Amino acid sequence: MKKLKVGIIGLGVGEKHIEAYKSHPSCEVVSLCDFSKEKLGLIKPKYPSAKIVKNADEILQDKDINIVSIASYDNYHYEQILKAINNEKHIFVEKPLCLNDGEAYDIRKCLNDHPGLKLSSNMVLRTCPRFIRIRDVFHSGEMGRLFYIEGDYFWGRIYKLTQGWRKDMDFYSIVYGAALHMIDLILWITGMRPTEVKAYSNKITTENTPLRYDSFASILMKFEDCTVGKVTGNGGGVHPHFHRLAVFGTRKTAIHDITGAKWLNTSDPNADFTDITEDYPAKEKRGEVISSFVDYILNDNIPPIVPTNDVFDGMSVCFAAEKAMHTNSNVKVEYI
C-alpha cells in the first residue's frame, strides 16, 4: 500500500509529531519546516531522508504531501490551515486551532467545502490512562449524578511565557495556551457541553516581565443540566507542571492532584480511600492521538481520539471565555 506523505511545520513540539508519524506503518515523513536556521541545522542530521525547507508554503503547496502537521506559532495556524485545506491536505494542528471565532467559522466553512479532508488537534490528555479510567467509571454510573467538575492547568514553566515567541505576539491567550487542555478534558470526560461561561484573569505573576498579556485565567462553566465546571489556566504559579482534576458525583468523587489520586466513596475523614492507580502523565502514549488520526484518514469507520467537532467545541468555549473576561459578563457559548 502506498504510504501517506507527511510534512511538519514547526519543530519545537512538532519534533514529537515526527516520531508519531514515523511509528505508523502507513506514513512517511518527507518534509520538515521551521523558521529557525539553527533548529533546522540540528534537525537535518537526525532525519536525513526528509526534505528541509524554510518556507511553510513549500509544504502546504506540495502536491505529493497528504498530511500537514501544523506546530507553528499560534498566530500562523489560521492562514496555514486554510492553505492546507485549499491544497487538499489533511491537517493535524497544535492547539489552539486559531485565535478568534471569525477565523474558526472560516475554517469550518472551508472544511465543509472539502468534505473529504479531515482535521484533528493535539488534545493529548485524552490518552492518559488515569483520565481514561475516571471517564470510564463516570460513564458506568458508579459515581452517581455529576454536579461539579474542575480542572487546573499548572504550566510550571513561566519562562515559556516571559521568554520567546509568546511575549512577541500581537495577541496571546492563556485560555487558548493552557486552559484549553482542561476544557477539552472536561468536555471529553462528561460528554457534555457548557452553555454559558463567566471568566476572570490577571497578569500578577508576570507583571514585571516582557509578557504583555494575562498569565492566569479562571473560567466558570454552566451546563444545561445545572452541572457546574471550573477551569484555570495558571501560567505563572509556583507549582510543577501538572493537570489537576476533580470530579464530584452524588455517590463518588475522583481527585487527582499533586499529592496523589484517590477515589472517595464516603465523607468519613477516617476512611481508607482507594488509590487511583492508572498511569499519569504517561507521555509515551501521547503519540496515539496522531496514530488514531492517521487510522481515521485511512478508514472512516475508525474514530479518532480527537474528532473534528471536538476541536471546534473546545475552541468555542475558549472564545466565550475570552469574551467573558473582557466584558465582565456571562457569555453564552456559540458552538461553531
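Guide: A residue is called buried when its relative accessible area is under 20%, exposed when it is over 50%, and partly exposed in between, with a 1.4 Å probe and protein chains only. Helices (H or I, at least four residues) and strands (E, at least two) are DSSP runs, numbered from the N terminus. The model is a predicted one, in which local features need pLDDT of at least 70 and side-chain atom pairs count only at pLDDT 80 or more, while totals for chains, interfaces and linings use all residues. Residues are numbered from 1 along each chain as its sequence is written, and side-chain values use heavy atoms, with hydrogens and water left out.

In helix α1 (residues 14-22), the buried residues are Gly 14, His 17, Ile 18, Ala 20 and Tyr 21. Their cover includes the strands β1 (4-9), β2 (27-33), β4 (67-70) and β5 (90-93), together with helix α9 (288-298); contact here means heavy atoms within 4.5 Å.

These strands belong to an open sheet of six, ordered β3-β2-β1-β4-β5-β6 and paired in parallel, where two strands pair if DSSP finds at least two bridges between them. At its edges stand β3 (51-53) and β6 (119-121), each of which pairs on one side only, and the twist from one strand to the next averages 20°; axes are lines fitted to C-alpha atoms, for helices over the stretch in contact, and angles run from 0 to 180 degrees between N-to-C directions. Between β2 and β3 the parallel pairing extends over three bridges, and Leu 32 has Ile 52 as its bridge partner in β3. Helix α2 (residues 37-46) packs on this sheet, where it touches β2 and β3 and has a direction at about 175° to that of β3. Helix α9, for its part, lies across β1, β2, β4, β5 and β6, and runs at about 165° to β5.

Helix α4 (residues 77-86) has His 77, Gln 80, Ile 81, Leu 82, Ala 84 and Ile 85 as its buried residues, and what covers them includes β1, α3 (57-60), β4, β5, α5 (101-112) and β6. After α4 comes Glu 88, with a positive phi near 60°.

A nonpolar core is a set of buried Ala, Val, Leu, Ile, Met, Phe, Trp, Tyr and Cys residues joined through side-chain atoms within 4.5 Å; the largest has 108 residues, of which Tyr 21, Leu 97 and Ile 107 touch the most other members. Helix α8 (residues 174-190) contributes the most to this core, with 13 residues.

The rest of the fold includes an open sheet of nine strands with mixed pairing, in the order β14-β13-β12-β11-β7-β10-β9-β8-β15. Its edges are β14 (274-275) and β15 (331-332), each with a single partner strand, so one side of each lacks a neighbour in the sheet. Strands β12 (residues 253-257) and β13 (residues 260-264) run antiparallel and are joined by five bridges, with His 256 having Ala 261 as its partner in β13. Helix α10 (residues 308-327) packs on this sheet against β8 (194-202), β9 (216-223) and β15, its direction making about 50° with that of β8.
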